[in-house]
Amino acid sequence: VVAVTGYTGVYDATPHGASGTVTGVTGDLAAAGSSLNLGSSYTDFPGGTAHWTFNGGTNYLDEAGDVAIDISKAVANILVNGYTGTFDAAPHGATLASATGVAGADLSASVTVGSETFTNAPGGSVAWSFANNNYAPQNGTADIVINKADAVVAVTGYTGVYDATPHG
């Protein structure tokens, strides 16, 4: 009896393939002289098909088949920072803080952050997106909040001798 199963799981950066067992007739539990080849293994999404073969040796019939190796996309941790501050006449935009995947993999090259900047109140938002074959796509916006500044206003009066003209 040859029992082979495939694999179903989330991307974890390790190879996955079929697993299987062979059981011979009573008295030959290891199916002596036979061999089981489980076929290909896959690491990346979407996986593939493992073609397995059983060479029955002297006493067993040869068998073969296919099983699915299904690898689904993982979820990455993406953090894009916006900006919050008081008007300072400087342009402000969004920045990528971190993009990590399975086992701490650096995924920053898979993140696109818009290049928009804002100088004036109230600011705006900057779009970002993440795309990588082994991870679920993500997108969002980072808020750029620019608060109004307090203006410095200096008012001075007129000091002088009366000359019959108005002064402010």
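Trainee: F130 first: buried or exposed?

Mentor: F130 is buried, at 2% relative accessible area. The cut-offs are under 20% for buried, over 50% for exposed and partly exposed in between, with a 1.4 Å probe and protein chains only. Keep in mind that this is a predicted model, where local features need pLDDT of at least 70, side-chain atom pairs need 80 or more, and totals for chains, interfaces and linings use all residues. Numbering starts from 1 along each chain as its sequence is written, and side-chain values use heavy atoms, without hydrogens or water.

Trainee: OK, what is F130 in contact with?

Mentor: Skipping neighbours within four places in sequence, F130 is in contact (heavy atoms within 4.5 Å) with A76, I78, L107, S110, V111, Y135, A136, P137 and Q138.

Trainee: Y135 is in that list. Which aromatic pairs are there?

Mentor: The structure holds 2 of them. Rings of Phe, Tyr and Trp (its six-membered ring) pair with centres within 6.5 Å; planes under 30 degrees apart are stacked, over 60 edge-to-face, the rest tilted. Y11 and Y135 sit edge-to-face, 5.5 Å centre to centre with 70° between the planes. That pair links distant parts of the chain, 124 residues apart: Y11 lies in the loop between β2 (7-10) and β3 (19-22), and Y135 in strand β12. F130 and Y135 are edge-to-face too, at 6.2 Å and 70°. Y11, F130 and Y135 form one aromatic cluster.

Trainee: And Y135, buried or exposed?

Mentor: Buried, with 3% relative accessibility.

Trainee: Switching topic: which residues touch the most others in the largest nonpolar core?

Mentor: I78, F130 and Y135, out of 26 residues. Six strands each supply at least two residues: β1 (2-5), β5 (47-55), β6 (63-72), β7 (77-81), β11 (123-132) and β12 (135-147). β12 gives the most, with 4 residues. A core here joins buried Ala, Val, Leu, Ile, Met, Phe, Trp, Tyr and Cys through side-chain atoms within 4.5 Å; strands are DSSP E runs of at least two residues, numbered from the N terminus.

Trainee: Which sheet has β12 in it?

Mentor: An open, mixed sheet of 4 strands, ordered β8-β12-β11-β10. β8 and β10 (111-113) are the edges, each pairing on one side only; pairing takes at least two DSSP bridges. β8 and β12 run parallel, joined by 4 bridges, and T86 stands opposite N147 in β12.

Trainee: Last one: where is H92?

Mentor: H92 is in the loop between β8 (83-86) and β9 (95-100). H92 is buried, at 14%. Apart from neighbours within four places in sequence, H92 is in contact with Y83, E116, T117, F118, I144 and I146.
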